[in-house]
Amino acid sequence: MQQNNRKMINGKSIILGTCYYPEQWDKKLWAEDIDRMLAAGIQVVRVAEFAWNKFEPREGEYDFTFFDEFLKLAEEKGMKVIFCTPTATPPAWLSTKYPEILNADQDGNLFRHGNRRHYNYNSPIYREFVAKLTEQMGTHYGAHPAIIGWQLDNELNCETNEFYSESDTKAFRKFLQDKYENLDALNAAWGTDFWNQTYTDWEEVDVPRRTNNNTTNPHRVLDYIRFISDSTCSFAKLQADILKKYIKPDDFITTNGIFDRIDYQRMQRESLDFITFDSYPDFAYGLDDYDEKDPFKDRWWSMKLTEVRSTSPVFGIMEQQSGADGWTNRLEAPTPKPGQLTLWTMQSIAHGSDYIGYFRWRTSIMGTEIYWHGILDYSGRDNRRLREVKAVSEKIKKLQPVAGAEYAAKIGILKDYDNNWDTNYDNWHRRVERQSQDSLFLALQQLHAPYNYVYLTEETKPEDLKKYEVLFYPHATILTKEKMALLETYVADGGKLVMGCRTGYKDRTGKCVMDYLPGLASKVTGTDIPEYSFVSPEDKHVYVDWDGEKVEAAIFNDILAPVCESAEVLGTYTNSYYAGEPALIRNSFGKGEAYYFGGAFAVDTAKLFARKLKVAEPFKDVIELPECCELAVREKDGRQFLFVLNYQPREEQIVLKKQAFDMLAEESREGNVTLAPYETKVYEL
Ligand code: GLA
């Protein structure tokens with residue numbers, strides 16, 4: 001994880017911004033819009049991410065007059081600007097003259113002009129146009145005083161994260177040649193002796209095209225996903241390397257995520273100062289898939305914010321929802337209720353964001369997103385949401401000491417991209433992973449036990465893990481010696497590691513290991529797995545007795561056996577044909593301990609682990625709050641800031657067991673406190 005000490009998000013302030021599209025409005029509105037934004041406490045606008053034609057209306061003809069005018073006005077008025085490379089929407093003249101820049105469907109049919117993100121990352125022609133334009137924009141705008149930072153493209157891999165153009169095929173071959181050097185190595189890695197898939201010439205190697213049942217070699221798919229990440233990272237780097245030559249030393253480079261099939265740890269290392277995120281918690285209220293019984297709804301968004309934080313501990317929100325969601329042909333969600341816009345802003349800040357940019361200032365009156373509402377509706381009149389933004393800006397003034405503070409967590413959930421991407425295609429892996437990730441999130445949120453996701457990469461050092469008392473690595477299906485060495489050090493130094501079923505049965509190619517399971521994890525967990533099975537539909541649920549407490553071993557069961565004296569059976573299965581067999585083993589290893597649990601985690605199971613391992617409710621001496629409220633804590637220089645978020649449309653009660661300073665009310669409080677519907681309290685301890 002890279003520490004963030006940069007620029008706008010520099011630990012000095014929390015600020016508000018909004019997304020603005022000067023090209024979509026009459027110029028006469030610009031000055032008034034900027035004045036109104038400033039009056040509402042909005043200090044930053046993000047512009048230009050879809051405006052290629054305004055910079056290069058025809059091939060090779062660059063024209064900067066349009067944005068020069070806008071930036072001049074912004075500068076005069078004291079509005080700061082995040083400027084974007086407009087590469088998410090290549091112009092019609094470009095895709096018509098050079099159709100090879102277009103992405104294609106799996107059968108190779110080119111996507112045509114009319115949507116966005118219709119390009120591919122690997123077309124040499126597209127990369128050349130992008131490089132030339134970025135060079136021009138960097139030269140022309142790099143020193144502009146109104147600009148404080150740059151966004152690369154827009155939402156890389158959103159909407160489309162599969163690439164099947166001719167350029168992708170060629171680049172995929174090159175990627176594989178660099179990786180394997182020869183076809184024998186590739187054939188061995190992909191196990192092509194199975195079903196006679198052997199390649200005899202590099203020309204035969206292609207991106208995964210449509211097949212009968214659309215089933216193909218899983219090891220090839222895993223490499224293809226790695227290739228997509230590689231292409232995306234290199235596309236971002238192409239732009240970042242050019243911009244770095246021209247931008248002011250204090251200006252930042254970011255991109256807005258988070259999407260699948262991108263190694264964001266690498267992207268940040270190579271190209272970004274920090275990541276920004278687009279936060280739309282109202283997806284939980286989508287009219288299509290609204291689930292009345294879901295206890296979390298918009299609070300699920302905290303899981304995504306946790307993911308964002310795994311790339312940059314302090315980050316920004318480039319697009320924070322401020323109105324109803326909707327495209328003309330898909331996605332429908334209601335307008336945030338009074339208080340929800342504030343709640344979702346506070347949710348972002350609570351999780352580590354120091355910049356909140358509302359999407360968008362005015363609602364578009366044309367195009368696909370006429371229902372994707374901004375702060376203002378079509379008329380532009382003052383409205384309830386604008387008043388709420390203004391009120392938020394007043395609150396933010398009181399929260400400035402929080403800037404730069406990092407989210408406090410004693411628990412880490414380990415992740416890595418190989419395993420993330422393996423779940424794209426492997427159903428068995430996906431089922432256990434989803435179950436455990438959702439359960440851990442729900443359980444730890446309800447226990448008010450804050451956690452981080454921690455990515456294991458080649459750069460991860462033992463110190464990065466040491467700060468966590470407990471690490472869950474729910475289903476490390478693919479394991480490597482390097483990762484295991486890191487984990488063994490963590491445990492030997494006193495850490496507690498919890499691993500779940502299906503650990504260690506694959507190598508990096510995604511092929512299974514001919515070994516006693518859990519393979520490389522056997523040593524640290526002191527465990528052997530003589531037998532395993534999906535939970536049978538007849539059994540429906542299989543439970544484990546752990547010291548008299550009954551918890552579920554969901555979805556899949558590894559039937560365990562201890563393999564050394566330091567390994568102790570803590571729990572046994574209570575039902576199915578393996579009732580009485582070991583389901584949970586704890587192994588003492590150096591100064592710490594490793595747990596192997598035979599199932600995927602259910603909510604109760606995850607809660608019991610947190611309690612037994614003594615990481616549940618770390619703030620219980622300070623605050624008592626109901627499960628339906630979230631607790632998040634940021635800390636800096638010995639100062640702790642507690643965010644208590646009420647997601648409910650009703651009042652909720654909390655108890656402050658110690659005196660704490662209510663930063664928004666600017667007074668010290670202790671004892672019973674009532675939270676209004678959707679209210680957030682922020683306390684300094
Ligand atoms: C994304 C994009 C925006 C806009 C919104 C709403 O987050 O970055 O351009 O399309 O979604 O759809």
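Strand β11 (residues 411-415) runs parallel to β12, and 5 bridges join the two. Here strands are DSSP runs of E with at least two residues, helices are DSSP runs of H or I with at least four residues, and both are numbered from the N terminus. Two strands pair if DSSP finds at least two bridges between them. Across this pairing, L414 stands opposite V454 in β12.

The model is predicted: local features need pLDDT of at least 70, side-chain atom pairs count only at pLDDT 80 or more, and totals for chains, interfaces and linings use all residues. Residues are numbered from 1 along each chain as its sequence is written, and side-chain values use heavy atoms, with hydrogens and water left out.

Strands β11 and β12 belong to an open sheet of 10 strands with mixed pairing, in the order β12-β11-β13-β14-β21-β20-β19-β16-β17-β22. At its edges are β12 (451-455) and β22 (600-601), each of which pairs on one side only.

Another open sheet has 9 strands and parallel pairing, in the order β5-β4-β3-β2-β1-β9-β8-β7-β6. Because β5 (252-254) and β6 (256-257) stand at the edges with a single partner strand each, one side of each is left without a neighbour in the sheet. Strand β4 (residues 147-151) pairs with β5 in the parallel sense over 3 bridges; Q151 has T254 in β5 as its bridge partner.

Two helices lie across strands of this sheet. Helix α3 (residues 65-77) lies across β2 (44-47), β3 (80-84) and β4, at about 155 degrees to β3. Helix α12 (residues 384-398) lies across β1 (15-19) and β9 (353-359), at about 150 degrees to β1. Contact means heavy atoms within 4.5 Å; axes are lines fitted to C-alpha atoms, for helices over the stretch in contact, and angles run from 0 to 180 degrees between N-to-C directions.

The ligand is surrounded by F50, R116, N154, E155, D278, Y280, E319, W327, F359, E369 and W372, where a residue is near if one of its heavy atoms lies within 4 Å. By class, this shell has 5 nonpolar, 1 polar and 5 charged residues. The table gives polar contacts, pairs of N or O atoms within 3.5 Å.

| Side chain | Distance to an oxygen atom of the ligand |
|---|---|
| N154 | 2.9 Å |
| W327 | 3.1 Å |
| E369 | 2.4 Å |

The protein covers 95% of the 300 Å² of accessible area that the ligand has on its own, as computed by the Shrake-Rupley method with a 1.4 Å probe.

Notes:
A polar contact is a pair of N or O atoms within 3.5 Å; within protein, one must be able to donate a hydrogen and the other to accept it, and residues adjacent in sequence count only if both atoms are side-chain atoms. Ala, Val, Leu, Ile, Met, Phe, Trp, Tyr, Cys and Pro count as nonpolar, Asp, Glu, Lys and Arg as charged, and the others, Gly among them, as polar.
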